[in-house]
Structure formats: structure tokens, C-alpha cells
Amino acid sequence: MTCQETQARLADHLSGELPRRTVRRLERHLGACPACSERLEAERALRARLRQAVNETAPTALRIRIRGAIEQLEAGRSPFSGLFHGCWPRLTAAAVTAAVLAFLALSWLAAPPRIMADSVNMHRRFVSTGFMAGPTLRQVPAILAWSEQKLGYAVPRPMLPQPSPEPSNDVLAGGICPLVKQQAAYLTYSYGGRVVSLFMLRHPTHTLRGTRRVVVQGREYFVGRFKKYNAVLWEYRGTTCILVSDLQPETLLDLSVKVFPQQPDRSTTSTSLMGARVASRA
Amino acid sequence: MASCKQREFEAHALAHVDALYRVARRMSQSAAEAEDLVQEVFYRAYRSFSRFRKGSNCKAWLFKILLNVRLSRAAAVRQGRTKVIPLAAFSQRRDDAADPERLVSARIELERVRKALDSLPEEYRAALLLCDVEGLSYKHAARVMGCPVGTVRSRLARGRALLRQRLEASASQNVGEVDAR
């Protein structure tokens, strides 16, 4: 093997891509030729530098988010899906799923659905781990576009007045998650150091346990508990909005009114709404 | 409690999160974008994990998803469906004031290599990252990039030559700058 032939094969040799016979011939040449050995070392050193230069480890927050997303996918999975995994033909699986869905739909019709207890755990998870499913916080424009397409309008980025000189009410997390057996867009943001999550559900089908009905500016709000959190639920253009936080119910209700400063069905100005107080309680 | 699928996914796929992040980081504009890419890759991978053939190369499969996600995002940006917001503020740069001179020069050297790599055309960069950094075989890299093995070989040869050229050019430029001072 000549020097030229050897040098042309050095990179492939380092990648372990040469046949054994060629490797033997190449090594014989390298043992006898200092110039080619030097080239091999230079090639090896370049590769080592390259590896060192790009050597980065994934941030811990990213690992947590991925695990959270997987857990979320698992939580949103049909309890029957494990049965289908690689065993039953897809057609049978689809038929059984359809039957289950039909049964669920009929039971929903018979009694108004209640918010699943576990769904509120998501709020805690968002807050504690920054969990996001699907599009992530850094894709807020994608979340807005998604909600605009699916819900008919974008999830509002709240423009809330700050009660104290705390960090701004910026978005902490956002995304699309399964909630009450349907897709919901959500944004979690900080409000004066406290965390508030706004969920927007596609179909207006939900009620809160033990709610009290409150009317503000002619609009109905339902104040209740969403597991261990306070929550306010209201309808907006045919969809359900749920604001969840550990804030006092009155404060949360006040925020709920302010989340949508522009009421599409009323001719009130945003200024008057921003200053709106609870008008009446039932 | 973790399901069987979850445990299997963690053992096979999540073990490659660093490798995915490394490649994503060099193929995207910012650390934030790389994180998003990797998260989406694992999200998609988990959803289709049942279709992953046991015994095949999981790392190559994940890289294939990564390149697909990246392509679809690039297409979305081109068609104006998605806006990319530069998030320089999210980059996690730390300045170690106590670093001795040696560490500083080593860091400058590595930065030079990174810059040279980032300046390569995308297909050469991808080939170098997959084969020379992540150690994928040419056959697996060809599957990931969706091209014949011969193309991978030529991209690698061209990429390595270009990288060497650019490193030499930047080294001589540095020497010139030092002389000028």
C-alpha cells in the first residue's frame, strides 16, 4: 500500500469502516512509515478535539421535562391501550375503543361530567417541574397558533396588574395537555410571586364541585375547588376557561374577570373592566 | 408507577439524551431551540415506541426523528407558519473569573473548533456529528440522513477537509491578530 492510498483510508480506518484485510495492510504500512503514522495521529487528534468541542450534556431541566411529558402521555393513555400493544389486530382495537368511547359519551349525556380528580395534579406538576407536553414554553407562538386554530382564538397572555414589586407576570410554562378527556391549551404564569394556571378546553362540558355562581358584568362565573386549589370556571365563546391557583377565591375571581379584558358580547371598554369589581353574588 | 413501556423507553431511548442534545445543539441556532427539538424528539419517540423494532439501533432511530423534526420545523418557518423567536437571554453562559490562563486558551480553542463546525454546510455538519462525534456507522448514518452510504462517505470526506481548512484559516488569522498587536 502506498502513502497516498494509506492516507486516503485513515479516516475510514478510525471509523472502523475498513474490511479486516485492508486494515492489516494499512497497519503494516503505518508500522513502517512515520509520515503516515503522524497523519493518523493528527486525524485522531482532530476527531478528539471535535468531540471535546461539542461535548455538552443535556440540562437537568430538559430531562425533567421529558420525563414529565412521558408521564403525562402515560396518564392520558386509555387504560385499555396496554391490551392492544402488539397483540390484537388494529381493527379489533379500533372497534373496542369506539365502543368504549360510545359508552363514555352516553354516560356523559346521562350525567354532567365532573372534573377528574387527577387532572388538577397537572397544575402542581406544571408548577413544580415546569412540565410541558407537546409544544413548550419557548414555543409560545405555536401554542397561541394552536389554540387559535382549535379554539377559535388565542389563549390570552394575561395583562394583569402586579400587586407588589414581584417579578413580572410572565409565562412560566405553556402547552397543550389532555384535560378531562379532551385537549386543553394552558399557560402557567406568575402573579405577584404566586402561580396561576389558565386552562382552555375545547368543549364546554364541565362543572366544578360545590361551586357558587357569581355574576360579574353580566357574565356568569363559577367559583369552586379544583382538588386542593381554588378555581374559577367560566364560558367564553363556547369553550370552557378554568383559572387555577392557591390565591384567595375573591382574588382569583377578580383575575378571571381581567384575563379577558375585551368582552366580545359587550360594549364595555377594557379600562372599565380592568377596574371592575364583583358586582353581585348568588 | 412506571409502566413496562416507560421503563423500556427509559433504558433504551432516554440513555441517549446527551447525544441527541449534542447534535441538536450544533444543528440549531440556540440552546433553547436545541432543548425544544430534543423534547419533541422524545415526545414523538415515546408515542411511536411500539413501532420501534427491538434489536435495531435506537440511537440511529432517535437521530432520524431528530432530523425529521428539524426538517419539518424548517419547512414551517419557510412557509411562515411558525416564527422563531431568538432567545439569547436563555443561553446559559457562565464566566468563571477564576479560570487560569491555560483554561481560557483551551476554551478559546474549543470555541474555534465549534465555530468552524457551525460554519460547515448542514449536510457535512450532520455527517460529521453522526459519524465522527457520535460514532454511528456509515450504514446507520445513511439511514438517518436518507441517502446512500457512498454519499455519507463523500460528505464526510468533504466535511473533514473543509473543517481542517477552516481551522487552519482561523489559526493563521489568530496568529496575524497577535502579531499586529
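## A salt bridge between the chains

Arg153(B) and Asp12(A) form a salt bridge through their side chains, at 3.0 Å from N to O; the term covers a side-chain nitrogen of Lys or Arg within 4 Å of a carboxyl oxygen of Asp or Glu. By this rule, five salt bridges cross the interface of chain B and chain A.

## Basis of the model

This is a predicted model, in which local features need pLDDT of at least 70, side-chain atom pairs count only at pLDDT 80 or more, and totals for chains, interfaces and linings use all residues. Residues are numbered from 1 along each chain as its sequence is written, chains are lettered from A and ligands numbered from 1 in the order in which they are written, and side-chain values use heavy atoms, with hydrogens and water left out.

## The interface

Eleven residue pairs are in polar contact between chain B and chain A, both residues at pLDDT 80 or more. A polar contact is a pair of N or O atoms within 3.5 Å; within protein, one must be able to donate a hydrogen and the other to accept it, and residues adjacent in sequence count only if both atoms are side-chain atoms. On the side of chain B that touches chain A, H3(B) gives the largest share, ten residues. That side consists of 20 nonpolar, five polar and 19 charged residues. Here Ala, Val, Leu, Ile, Met, Phe, Trp, Tyr, Cys and Pro are nonpolar, Asp, Glu, Lys and Arg are charged, and the others, Gly among them, are polar.

Contact (heavy atoms within 4.5 Å) links 44 residues of chain B with 38 residues of chain A. About 4000 Å² is buried between the two chains, 59% of it from carbon and sulfur atoms; buried area is the accessible area (1.4 Å probe) that two parts lose on being put together, summed over both. In chain B, the residues that lose the most area to chain A are Glu35(B), Gln39(B) and Tyr43(B), together 15% of what that side buries.

## Leu40(A)

Leu40(A) lies in helix H3 of chain A, residues 34-53; helices are DSSP runs (H or I, at least four residues), numbered from the N terminus. Leu40(A) has a relative accessible area of 8% and is therefore buried, the limit being under 20% (1.4 Å probe, protein chains only). Beyond four places in sequence, its contacts are Leu10(A), His13(A), Leu14(A) and Leu30(A).

## Confidence in chain A

The average pLDDT, the predictor's confidence in each residue from 0 to 100, is 66 for chain A, with 47% of the residues at 70 or above. Helix H2 (residues 20-32) has the highest mean, 89, and helix H10 (residues 270-274) the lowest, 27.

Definitions and conventions:
Helix = DSSP H or I, 4+ residues; strand = E, 2+ residues; numbered from the N terminus. Buried < 20%, exposed > 50% of the residue type's maximum accessible area, 1.4 Å probe, protein only.
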